[in-house]
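Here is a short briefing to read alongside the model. Please keep the sequence and the 3D view open as you go.

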Amino acid sequence: MKKAMRDTAIPEGFKLTEVGIIPEDWDITTVGAEFSIQLGKMLDAEKNTGVRKPYLGNRAIQWGRIDLSDISEVPLTPSDLSRFRLRNGDLLVCEGGEVGRAAIWQDQTDECYYQKALHRLRPLRGYSVNLLAYILHKMSANGFLLNFVTQTSIAHLPKDKFQTVPIPAPPKAEQEAIAEALSDADASIESLEQIITKKRQLKQGAMQELLTGKHRLPGFEKRRGRKLTELGELPNDWNISTVGDQFSIQLGKMLDAEKNVGVAKPFLGNRAVQWGHFDLGDIGLIRLSQTDMLRFRLRNGDLLVCEGGEIGRAAIWDSPIEECYYQKALHRLRPKQGYSVSLMLNMLNWLAKRGVLLNFVTQTSIAHLPKDKFETVPLPVPSPLEQEAIASILSAMDAEIDALHDKLTKTRQLKQAMMQELLTGRVRLV
């Protein structure tokens, strides 16, 4: 590693340090020189005494945020109350687990304490707490912090080693400028995440209304009133059918390296099928005979449904690659009578979230949805035109969510690039 660092070309105005190449006018310091570090309260149900108070554990600390749903209570003595009470601006850093994961306490509750699996950092000389949080994120991502980890039964970052971790020290004004720029990027990410959450909630509400016929689109209601069915109340003018009546269902190719023969072809497994899309990074190869190729080749518009795992999880194959096959952990559905595949995808999502599909699951070593039971799952049948209209509205909502996801991905990538440039001084803000 040191030889690689020596061989690295150093641009004019920069210098080589323990943390890499940084500007000549930046100093190198250590976490211990800039921050007081204190581990939290040891949890011991038999020995802890005093008043019960809220406290944070390791799992509550996520990158850049604190999960208040993971707050518990622990008895604390008057001495504990003084020593372990959090203040606004304290930086909490995971000592174990994902070592270095950090977030700043910002008085999310009136009073809170923290346990021994966390380091609490407070600046000694004005070093930016926000900047250190970003530096720790970068050092965790590139593996630098692992050089300071002690491996016992679990990996952890003891205080004495944490104190020696070298960190770059830009001038104070630049520290604040870097932290502010990265905080703005985080704010954009958080805003997009909140919008996506809201859009998903709206989509779930729309599914509940449209897929049960509680809300009818204009021009489709032929007979007023509702009737009670095995799926709950549905419109009088909707029929009830089954998945097997509306779709041909076929499980995929059994994976057996010793028995499978023929030409190696790309195939999808259960993990590749996510709700409404495919993870093409999870495509493998399987040997297939000519008969297998005819039987298991995917066509544009095929609906693939998980038989195990998250039962019912489904996506529509839209030929992202020219030729692909699928394995036995997946059902392939093709409509027999013109039932909308897009509507069926949303129906499966709705049935899965309501727990309806669990009534058809077989529990062996793992839960799965066999073909014979899947065929009997009840299915609402609006008119073909209403099916397409409902599917069109839900698809438009999905497209909006997908676009927001793409924007979120790009914003996260931009932030990562900003961290690389700003935390190494390649881009200067002051």
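Contact here means heavy atoms within 4.5 Å. This is a predicted model, so local features need pLDDT of at least 70 and side-chain atom pairs count only at pLDDT 80 or more, while totals for chains, interfaces and linings use all residues. Residues are numbered from 1 along each chain as its sequence is written, and side-chain values use heavy atoms, with hydrogens and water left out. Helices (H or I, at least four residues) and strands (E, at least two) are DSSP runs, numbered from the N terminus.

**His156**

- Not counting residues up to four places away in sequence, His156 touches Glu95, Gly96, Val99, Val149 and Thr150.
- His156 belongs to strand E14, residues 155-156, and is buried at a relative accessible area of 18%; buried means under 20%, exposed over 50% and partly exposed in between, with a 1.4 Å probe and protein chains only.
- Its side chain makes a polar contact with the side chain of Glu95, at 2.9 Å.
- A polar contact is a pair of N or O atoms within 3.5 Å; within protein, one must be able to donate a hydrogen and the other to accept it, and residues adjacent in sequence count only if both atoms are side-chain atoms.

- Arg313 sits in the loop between strand E24 (303-306) and strand E25 (314-316), and is buried with a relative accessible area of 9%.
- The side chain of Arg313 has a polar contact with the side chain of Asn270 (3.1 Å), and one of its polar atoms lies 2.5 Å from the backbone oxygen of Val273.
- Residues touched by Arg313, beyond those up to four places away in sequence, include Trp275, Leu304 and Cys306.
- Met347, in helix H9, is buried with a relative accessible area of 1%.
- Apart from neighbours within four places in sequence, Met347 is in contact with Leu211, Tyr339, Leu379 and Pro380.
- Met347 and Arg313 are 34 residues apart along the chain, and their C-alpha atoms are separated by 11 Å.

**A three-stranded sheet**

- Three strands form an open sheet in the order E23-E20-E26, with mixed pairing; two strands pair if DSSP finds at least two bridges between them.
- Strand E23 (284-288) and strand E26 (325-326) are the edge strands, each pairing on one side only.
- E26 and strand E20 (residues 263-268) pair in the parallel sense over two bridges, and Phe267 stands opposite Tyr325 in E26.

**The two largest pockets**

- A pocket is found on a 1 Å grid over the protein atoms alone, as an open set of points with protein on both sides within 12 Å along at least five of seven lines; lining residues have an atom within 4 Å of a point.
- The largest pocket holds about 850 Å³ of space, where a volume is the space filled by probe spheres set on the points.
- Of its 24 lining residues, Trp63, Gly64, Arg65, Asp186 and Glu190 are the closest to the centre.
- Helix H6 gives the largest share of this lining, eight residues.
- The lining of the largest pocket divides into nine nonpolar, nine polar and six charged residues; Ala, Val, Leu, Ile, Met, Phe, Trp, Tyr, Cys and Pro count as nonpolar, Asp, Glu, Lys and Arg as charged, and the others, Gly among them, as polar.
- The second largest pocket has about 730 Å³ of space, and of its 21 lining residues the closest to the centre are Trp275, Gly276, His277, Asp398 and Asp402.
- H6, strand E22 (277-278), helix H9 (341-353) and H11 each supply at least two residues of the lining of the second largest pocket.

Conventions: On a 1 Å grid over the protein atoms alone, a cavity is a set of points where a 1.4 Å probe fits but cannot get out, and a pocket is an open set with protein on both sides within 12 Å along at least five of seven lines; lining residues have an atom within 4 Å of a point.
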